[in-house]
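Could you walk me through this protein step by step?

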Amino acid sequence: MYQDTAYIAKTQAWLSQEKQYLFNALQQISYLTVFPSRVNYYLFRSDIVHLREKLWQSGIMIRDCSDYVGLDGHYYRVAVRSHAENQQLIAGLKALL
């Protein structure tokens, strides 16, 4: 697996591109504060109460981070997914405006 350098390079290129897309798209949503990340997910703070439950109604699940030390019910985490899934997440978030 580690010798398949073409696959590794392709995955790294995809992740870099999709990660940047997701970060930029999340930052454009006015009620979110998105924190930079070096991993394949983003932590953000939302001004909307019960954001996770509201997105569930659209079939979108995000990670509630209220059980993290120092965070409360306004913090959530989302993974970098396929482009179509990331677009679905952004559309769901924008629909709540």
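Here are some questions and answers about this structure.

This is a predicted model, in which local features need pLDDT of at least 70 and side-chain atom pairs count only at pLDDT 80 or more, while totals for chains, interfaces and linings use all residues. Residues are numbered from 1 along each chain as its sequence is written, and side-chain values use heavy atoms, with hydrogens and water left out.

Q: In what order do the four strands of the open sheet lie?
A: Let's start with the words: strands (E, at least two residues) and helices (H or I, at least four) are DSSP runs, numbered from the N terminus. Two strands pair if DSSP finds at least two bridges between them. The edge strands, β1 and β3 (63-64), each pair on one side only. With antiparallel pairing, the order is β1-β2-β4-β3.

Q: How many residues lie between β1 and β2 in their hairpin?
A: These strands pair in the antiparallel sense over three bridges. In this pairing, Leu32 stands opposite Ser46 in β2. The number of residues between β1 and β2 in the hairpin is six.

Q: Which residue of β4 stands opposite Leu43?
A: Strand β4 (residues 75-79) and β2 pair in the antiparallel sense over five bridges. For Leu43, the residue opposite in β4 is Arg77.

Q: Which residues form the covered face of β2?
A: In a regular strand the side chains alternate between the two faces of the sheet. In β2 (residues 41-46), the uncovered face has Tyr41, Leu43 and Arg45. The covered face is Tyr42, Phe44 and Ser46.

Q: Is Ile29 buried or exposed?
A: Ile29 sits in the loop between α1 (5-27) and β1 (32-34). Not counting residues up to four places away in sequence, Ile29 touches Ile90, Leu93 and Lys94, where contact means heavy atoms within 4.5 Å. Buried means under 20% relative accessible area, exposed over 50%, and partly exposed in between (1.4 Å probe, protein chains only). At 1% relative accessibility, Ile29 is therefore buried.

Q: How are α1 and α3 oriented to each other?
A: Axes are lines fitted to C-alpha atoms, for helices over the stretch in contact, and angles run from 0 to 180 degrees between N-to-C directions. α1 and helix α3 (residues 83-95) pack at an angle of about 5°, with their axes 11 Å apart. Angles under 35 degrees count as roughly parallel, over 145 as roughly antiparallel, 65 to 115 as roughly perpendicular and the rest as oblique. So α1 and α3 are roughly parallel.
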